[in-house]
Amino acid sequence: MKQKCYSFLSLCRSNKSPWVCLTCSSVHCGRYVNGHAKKHYEDAQIPMTNHKKTEKQEKVQHTVCMDCSSYSTYCYRCDDFVVNDTKLGLVQKVREHLQNLENSAFTSDRHRKRKLLENSSLNSKLLKVNGSTTALCATGLRNLGNTCFMNAILQSLSNIQQFCCYFKELPAVELRNGKTAGRRTYHTRSQGDNNVSLVEEFRKTLCALWQGSQTAFSPESLFYVVWKIMPNFRGYQQQDAHEFMRYLLDHLHLELQGGFNGVSRSVILQENSNLSASNKCCINGASTVVTAIFGGILQNEVNCLICGTESRKFDPFLDLSLDIPSQFRNKRTKNQESGPMCTLRDCLRSFTDLEELDETELYMCHKCKKKQKSTKKFWIQKLPKVLCLHLKRFHWTAYLRNKVDTYVEFPLRGLDMKCYLLEPENSGPESCLYDLVAVVVHHGSGVGSGHYTAYAAHEGRWFHFNDSTVTLTDEETVGKAKAYILFYVERQAKPGAEKL
C-alpha cells in the first residue's frame, strides 16, 4: 500500500490514512487528511446527473470505500460506516488481501522505517525504566468522526483496574441467533437486528487496549452498538462526555442484570470474590460490577423553615456533579494571580454545604400541608470504591450553553472525603482517602464543539490519550489540566497518607 493519492498527485502527496474505492480500486487520502477520497466520490457522481437513471439504479448506486489502516468500510452516499458484508463475503476478501499485503515483504521496508520513527521518540513508543528499555504498550482509539468524547471515557475506564479486569475476564457472549459475539459479524442499522451486546463489545474493546500489538484500535463495532441502543448518540456530532459515560454505565448495568437483550451475567458477579456484598450498591434492581465499584449513597436532608419538619432521603449515585462556585469563575489558569485559587475542596464544600432553596424549589411540607421555604443539605452515607467527580462546566443561558473555563486545582493523591461523610467516626483512617487514576479534559469553548482528551495512570506512569495518539506525560502536566471528569480510586491501606 505504498500508493499515493494518484488522482490528485499535483495537490496531495500524502500516504497517510489511505482509503481504497471498492468500485474502481483507486486509492486516495481519507477524510482526516485532505479528503480526496470524498472528492473522488463527488466527481464520480457528476456523470450520473447527465442521464436519467431508473428507480432500481438509483437504489443500488452506492460508493463504498475501505480504510486501509483499520479495514473499516464507509459509504459516502449513506454518510455512514457499513459493517455488513455481501452474500459472497467480498468485503472480507478485500480485508484479507490488504492484511496479506501488510504482512508481505513488499511492505517490510515501510514497517521498518515506521518503527524507526516511532522508536526515535521517547514519549511515543519506548521508555527507560531502571536502565532498561521497555515498550510502550498503550493503544490509542481511532476517531470515527467526532467520537473523541467516547474515546476519552473508554480510555479512562480502561485504566480503572478492578473494573477493566472484570470485563476482560468475562467469557464471550452467545447471542440469541446462535452466532458467537467473539467472532466478528457485520450488521447495518437498517437491518433492525437487536441481537447486540454492549457488554461484549465493551469487553472486546478493553481487551484490545494495553496489548501493545497495535498503535491504535478502531472501535467501530462498539460504536455501532452504541448507535443501536443509545439513539441520543447517533450521528457524528460532538457529544457530551459525561452524558455518554452515564448512558454507558447505565446500559452496562442493565445488561449485566440480564434485563437487556436476554444476556445474563449476574452469576459471574456473585462468583467474583473481590466484589463482596458490603461493596454493593443497588440501583434499579440487583447489584452489578458497575454499582459495586462506582455506586455510593447520598443522604438528602430537607428542613422546613416554617415548622422545622425534617425529611431524609437516601439516593444511590454513580458520580457526583459539582458546581464551580461563582466567585471563582473568572479564574482561568493555574498561574493567574488575581483572586483565590478554586480547589476541588471548594467544589465539594459547595455541594455539601447547607443551602436555602429558592422560590422555584419550594418543599412540600407534609406537616404544613403546603409548599414552604426550606433548606437542603447533602451527606455522603456510603463512599464508592471509585469516586467519579463531574465538574459542571457547561451552563445554559437564555439562548446558548456557556462553558465555565475556570481552572480547578485537584490533588493527585490523598483526596480525603472523611469530612463529607454522614458518620465519619465509623470509617477507618485509610478508607476515606482516594488517589487520582484518570482525568477527562474538554478543550474548546462549547459543549457542541471542541475536543476531548484523557490523562490516566497505568502501572505508576501517566499517559495522555488523544484519540489514536498516546504519549507519556508527567504529574505536573496532569495537575495543570482543566479537569471535566475526575476518577479517584479508593486507596489501599498504606502509611504516610498525603491529605487534601
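Reader: Is the crossing in which α6 passes α9 left-handed or right-handed?
Author: The model is predicted, so local features need pLDDT of at least 70 and side-chain atom pairs pLDDT 80 or more, while totals for chains, interfaces and linings use all residues. Residues are numbered from 1 along each chain as its sequence is written, and side-chain values use heavy atoms, leaving out hydrogens and water. A crossing is left-handed if the near helix is turned anticlockwise from the far one by less than a right angle, right-handed if clockwise. By that rule, α6 passes α9 in a crossing that is left-handed.

Reader: At what angle do α6 and α9 pack, and is α6 oblique or perpendicular to α9?
Author: Their axes (lines fitted to C-alpha atoms over the stretch in contact) lie 14 Å apart, at an angle of about 45°. Angles run from 0 to 180 degrees between N-to-C directions. Under 35 degrees is roughly parallel, over 145 roughly antiparallel, 65 to 115 roughly perpendicular, and the rest oblique. At about 45°, α6 is therefore oblique.

Reader: Which residues of α9 make the contact with α6?
Author: Contact means heavy atoms within 4.5 Å. α6 brings F163, Y166 and F167. The partners in α9 are L249, L252 and L256.

Reader: How do the axes of α6 and α7 cross, and is α6 perpendicular or oblique to α7?
Author: Helices are DSSP runs of H or I, at least four residues, numbered from the N terminus. α6 covers residues 161–168, and its axis comes within 8 Å of that of α7. The two cross at roughly 115°. That makes α6 to α7 roughly perpendicular.

Reader: How many charged residues are in the contact of α6 with α7?
Author: α6 gives F163, C164, F167 and K168, and α7 gives V199, F202, R203, L206 and C207. Ala, Val, Leu, Ile, Met, Phe, Trp, Tyr, Cys and Pro count as nonpolar, Asp, Glu, Lys and Arg as charged, and the others, Gly among them, as polar. The contact has 7 nonpolar residues, no polar ones, and charged residues numbering 2.

Reader: Which residue forms a salt bridge with E201?
Author: A salt bridge puts a side-chain nitrogen of Lys or Arg within 4 Å of a carboxyl oxygen of Asp or Glu. The structure holds 15 of them. In one, the closest N and O atoms are 3.1 Å apart. Both residues lie in α7 (198–208), 3 residues apart, about one turn of the helix, and the partner of E201 is K204.

Reader: How many nonpolar residues does the contact of α5 with α9 have?
Author: α5 (148–158) and α9 (241–256) have axes within 9 Å, crossing at roughly 55°. The contact joins F149, M150, I153, L154 and L157 of α5 to A241, F244, M245 and L248 of α9. No polar and no charged residues take part, and the nonpolar count is 9.

Reader: Which residue in β17 does E355 stand opposite?
Author: Strands are DSSP runs of E, at least two residues, and two strands pair if DSSP finds at least two bridges between them. The open sheet runs β11-β10-β17-β14, with antiparallel pairing. Its edge strands are β11 (310–317) and β14 (355–356), and 2 bridges join β14 to β17 (374–382). There, E355 faces K376.
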